[in-house]
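Good morning, everyone, and thank you for making the time. I would like to walk through one model with you, slowly, and I will begin with a term that we need before we look at any single place.

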Amino acid sequence: MSSAETGSTGTVGPVGPVGPVGPTGGVHPAPARTPSPWWSLGLLRSELVTTFRRWRTLALLGVLAAVPVLVGVAVKIETGDGSSAGGAGGEGPAFIAQITNNGLFLVFTALAATLPFFLPMAIGVIAGDAIAGEANAGTLRYLLVAPAGRARLLLVKYATTAVFCLVATLVVAASALAVGALLFPLGDVTTISGTRIGLAEGLGRALLIALVVAASLLGVAALGLFVSTMTNSGIAAMATTVGLLITVQILDQLPQLDALQPYFFSHYWLSFADLLRDPVHWDDLLRNLGLQVVYAAVFGSAAWARFTSRDVTA
Amino acid sequence: MEELPAADPVRAPVPVAPDRTDASGTSTGETGPDGTVIATTALTKRYRGGQLAVDRLDLAVPAGSVFGFLGPNGSGKTTTIRMLMGLIEPTSGTARVLGRPMPGASRAVLPHVGALIEGPALYGFLSGRDNLTRYDAADPTADPRTRRTRVAAALDRVGLSAAAGKKAKAYSLGMKQRLGLAAALLQPRRLLVLDEPTNGLDPQGMREIRALIRELASDGTTVFLSSHLLDEIEQVCTHAAVMAQGRLIVQGPVADLAAGARGRLVVTTPDAGDAARVLKERGIGDIVVEEGRVTGEPPDGEPADLTAALVAAGVRVRGFGVERASLEDAFVALTGEGFDVER
């Protein structure tokens, strides 16, 4: 408070009359107050830094990175006696039988293992907390009076969630690749169609698959963001999003609902395996991506309608 | 207006200065036509439950004033502030801030407004400095190149420079309050809206914050200060408005408000009974005898004559004087009821 004390030595000095302050009397330097066109990027950067500095975000990424390690170690132990994984011992995730021959397959296995639940759950946490968490902490009102702008804040939140989708997927893929390379040999990849492609192209396909998996999560991200605009409790928003996710996953298994299932956001998730065909089967892949766009548009609009008209009382 | 209500007898009510804003670079009028920085007409908020939080509020905050917004908890102060800041939509009525309608003109108005609303809200896992950086990044008009300097200056201004690197969750309530205030001071502002700014501060901290408010006001910033502490309003405000149950009870210059109530004659004496008798003989009305003192309505004539009469009657006078009317007296006089707030 040093400056305040020294600055107002009188402490109870007369405040008024203020009177008209001439052009020279204005204490304010009348700063340039035109918004920079790059300002939204600055807000996005701030949002990314804030999100990824959070201990919870790092913990989620840590859990995701641990999944391939567990799978890899389990396969290594199980196949230590020369038997093949996923053979007699029942079904595992897709591609698990190929891991012992080629560590690169751990990437596909890990993504197939985390995509149904771990990855979307992590997205649900981040997206559900995006608005509701700020409301809960009260920081939302200060962002809005800054003024960040409601539509822009929502867009920045969605972009941040999308970045998290990508980072989370890449963390799983990178961890799987590292563990796979460490525990198993790497080499040419045998595609599902039976053809062989080189390791370099195999790595390229792995990266492409990671990108498709990340894109598969955009629908959940929009859903979570919408839920997040409905409540002032971050926990409630996260729980609702994850609950919806589980519900949809269960409904997707009921044969009676097969007419509806093509519209579930998770229905085509595992189509990423089609990228390992030669030539690639694009039908389901494109259906999946199209579905994610529809979900993002529908729930993004709903979130926008809700958030831009809502009373912020927290 | 002989009797000034505030602790500071030099302060006079601030005249409305509509043209003060010429100092700003903006050509758009930033005050209303009548020189107000905040003007509401019939502003009403009814929550979804049907509860009427603010009822046809007509508020006029003159430019350059330190405006005290007073009322007990639940009287609608915070709802009003949230409507002024565009956080909640009025049910009916209009609000203009810096001459522009809210919430419609939020993008143009809010960069010129620093706000502390219902206490500070911080990211506990970020340091104090990073909290300010984050809020500054949310302001579209804030220049990222000067961000570091402005954040440091704001921290220095509220006395938090030494704790700037500490995580906000480790801050005490007073430090959080200061950090919230620093966020409001990241840019030069035309209007500061401070909701209970001294909450959680120790007496020294309160004095520092009040000194800071006076300093800001003397720079020409209009300060809209909500409080439930009457003496706080008396100490720093030039104007005041009183809310109760969602309605505006009174508003105007603090001196005018207090002038509505007369002071009281106070005689401090061990001989209270005798003193009361003498005062009664001299025609003083409304005499109240208390332990060691007698009070009554102030005399119409020369008070010194009363002293002489008391002394002549053998009353041992320890103290004699007319106590100024306080803002609290004014409220009692104006509203006809006690103002039930913490003092």
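Rings of Phe, Tyr and Trp, taking the six-membered ring of Trp, are said to pair if their centres lie within 6.5 Å. Please keep in mind that what you see is a predicted model. With that rule, the count over all chains comes to 12 aromatic pairs.

One of these pairs is formed by A:Phe226 and A:Phe299, whose ring centres are 5.8 Å apart and whose planes make an angle of 45°, which is described as tilted. Where do these two residues sit in the chain? A:Phe226 belongs to helix 9 of chain A, residues 218-230, while A:Phe299 belongs to helix 11 of chain A, residues 283-309, so that the pair links distant parts of the chain, 73 residues apart.

A:Phe265 and A:Tyr295 make another pair, this one edge-to-face, with 5.5 Å from centre to centre and 85° between the planes. Here, too, distant parts of the chain are linked, for A:Phe265 lies in the loop between helix 10 (234-251) and helix 11 of chain A, and A:Tyr295 lies in helix 11 of chain A, 30 residues apart. Are these two residues buried or exposed? Both A:Phe265 and A:Tyr295 are buried. Taken together, ring pairs join A:Phe226, A:Phe265, A:Trp269, A:Tyr295 and A:Phe299 into a cluster.

Let me now step back to chain A as a whole. Chain A holds 11 helices and two strands, and, read from the N terminus, its elements run α-α-α-α-α-α-α-β-β-α-α-α-α. Of its 314 residues, 46% count as buried, and among contacts in chain A between residues at least 6 apart in sequence, 76% join residues at least 24 apart. The accessible surface of chain A comes to about 13700 Å², and 68% of that surface belongs to carbon and sulfur atoms.

An unreviewed UniProt entry lists "transmembrane region" for several spans of chain A, including residues 158-186 and 289-307. In the model, residues 158-186 of chain A are 90% helix and 0% strand, with the end C-alpha atoms 37 Å apart, whereas residues 289-307 of chain A are 100% helix and 0% strand, with the end C-alpha atoms 26 Å apart.

Finally, a brief look at chain B. B:Thr238 is found in the loop between helix 7 (230-236) and strand 10 (239-244) of chain B, and its side chain is joined to that of B:His239 by a polar contact of 2.8 Å. B:Thr238 counts as buried because its relative accessible area is 3%, and the cut-off for buried is under 20%.

Notes
Residues numbered from 1 in each chain as written. Chains lettered and ligands numbered in written order. Predicted model: local features only at pLDDT ≥ 70, side-chain atom pairs only at ≥ 80, totals over all residues. Heavy atoms only, no water. Phe/Tyr/Trp six-rings, centres within 6.5 Å; stacked < 30°, edge-to-face > 60°. Helix = DSSP H or I, 4+ residues; strand = E, 2+ residues; numbered from the N terminus. Buried < 20%, exposed > 50% of the residue type's maximum accessible area, 1.4 Å probe, protein only. Contact = heavy atoms within 4.5 Å. Areas by Shrake-Rupley, 256 points an atom, 1.4 Å probe, with all protein chains shown as cover. UniProt positions renumbered as here; feature names shortened; annotations may be inferred. Polar contact = N/O pair within 3.5 Å; in protein donor to acceptor, adjacent residues only side chain to side chain.
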